[in-house]
Amino acid sequence: MSSLGGAAHQTGRPWRASPAERERLESIFVELCRIPSPSGSERACAQRVTAELEDLGVEVSEDETTALTGSDCGNLLARIDGAIGTPLASSTTERPSVLLCAHLDTVPLSAPVEPELVEGYWENSGDGILGADNKAAIAVILTLARHVRHAGSPVDLELLFTVGEERALAGARAFDVNSLRSDFGYVFDHASPIGEVILASPSHYRLQANFRGAAAHAGIRPEDGRSAILAAAHAISSMPQGRLDEQTTVNVASISGGSAINVVPEHCFIEGEVRGFAEERAEALLEELVDDIHQAANLPQCECDVDLSIQRTFSAYQTPASAPAVVIAEEALHRCGHEPVRISSGGGSDANALIANGFPTLNLANGTEHNHEPSERVSAAALHGMLDVALTLLDVASSRPYAQAR
């Protein structure tokens, strides 16, 4: 395979990973998937990522954000000079720098992960998630890092591995973007076909309601009790849910309460979310949901108190198609044989948090399928394709003036 650096560097062509690199990519992907790393428990996965990079002679720093994120480790940041064998501190060549970002955590596991290749697709042999969200991206970034350390790159790299992404982007929200040297970055965190470029994402609001009634013996003195579960049920049934329009969704995600079968439930807790591209519409909807909750709590058959909490966990963004990161990504996708498709996504990613903190970031589809579901999978071809696109991104970024103020 031709080097990405030096005289062998050629623009206008896709860069293809070698067979050995593709084999390495799949091997480390499988290894990462086997490491449980639900949000809050990313330490083991972080240690494996650190060990891989340190084996390449790359220094990894961990920030001190655990108190903010609730995770057992901080975010990881590493830098790689594109010049072969040149320490970053002593480099004299002015090269662009690009950030690549992936998250270490997964949603909770319902079964151990044992990846198996079935008709060209990696999936979990057990009845649970695979963890391709986002370990497919981690594996791609680590394989790319090994390539750059051995073959060089026309750009310098910053690699960010965040914690708590599945907990409302906790790690990325806590991360100090002022520590970055790049002008913009990429996350590979959208479970859809390679080629999709996510230009817009909604704001996200978390709504929590804690209903407080009165306990009583359910068989002897039920009339003395006030059921918090009944109040919560009325509230939920009155709320609009699902996709309300093209820009707004509502979901009640969990309900818990009660103590014993013979006790009128004194407590009940519900949690939900609102996502909206239009801030005014989302905030007006939240007011409606708050009214629904209070009305349910005040029904004569309920008469409960209720404590409410609303938090905007991340903000909407809309990236112009003319942004340097978009232009570079679309050219790289074209070179690799993918037709770029600009989309808006109802999901959030670390891009939301990094953009809100002032660092331009673009989310790219990674070819995984059915994230957060037991049927989650990713094809070997998609893994290889992600790596080829990432390699080509570096080449395109080196040939375009893209510096922009942050």
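**View A. The second largest cavity in the predicted model.** Its volume is about 50 Å³. The lining consists of F188, I194, G195, E196, L333, L364, A365, M386 and V389. Strand 16 (361-365) and helix 10 (380-398) are the elements that each give two or more residues to this lining. By class, the lining of the second largest cavity holds 7 nonpolar residues, 1 polar and 1 charged.

**View B. The largest cavity.** This cavity has a volume of about 70 Å³. The count of cavities of 30 Å³ or more comes to 3. Residues lining the largest cavity are L207, M239, V250, N251, V252, I270, E271, G272, E273, V274 and L289. Two elements, strand 11 and strand 12, supply two or more residues to that lining. Strand 12 gives the most, with 5 residues. The lining of the largest cavity divides into 7 nonpolar, 2 polar and 2 charged residues.

**View C. The largest pocket.** About 1000 Å³ of space lies here. The lining of the largest pocket comprises 47 residues. E273, R275, G347, G348 and H372 lie nearest the centre of this pocket.

**View D. Strands at the largest pocket.** Strand 7 (185-190), strand 8 (196-201), strand 9 (203-212), strand 11 (248-257) and strand 12 (267-276) each give two or more residues to the lining of the largest pocket. Strand 11 gives the most, with 5 residues. E273 is among the residues nearest the pocket centre, and E273 also lines the largest cavity.

Note on methods. Residues numbered from 1 in each chain as written. Predicted model: local features only at pLDDT ≥ 70, side-chain atom pairs only at ≥ 80, totals over all residues. Heavy atoms only, no water. 1 Å grid on protein atoms, 1.4 Å probe; cavity = no way out; pocket = protein on both sides within 12 Å on 5 of 7 lines; lining within 4 Å. Points joined across faces, edges and corners; volume = space filled by probe spheres on them. Helix = DSSP H or I, 4+ residues; strand = E, 2+ residues; numbered from the N terminus. Nonpolar A, V, L, I, M, F, W, Y, C, P; charged D, E, K, R; others polar.
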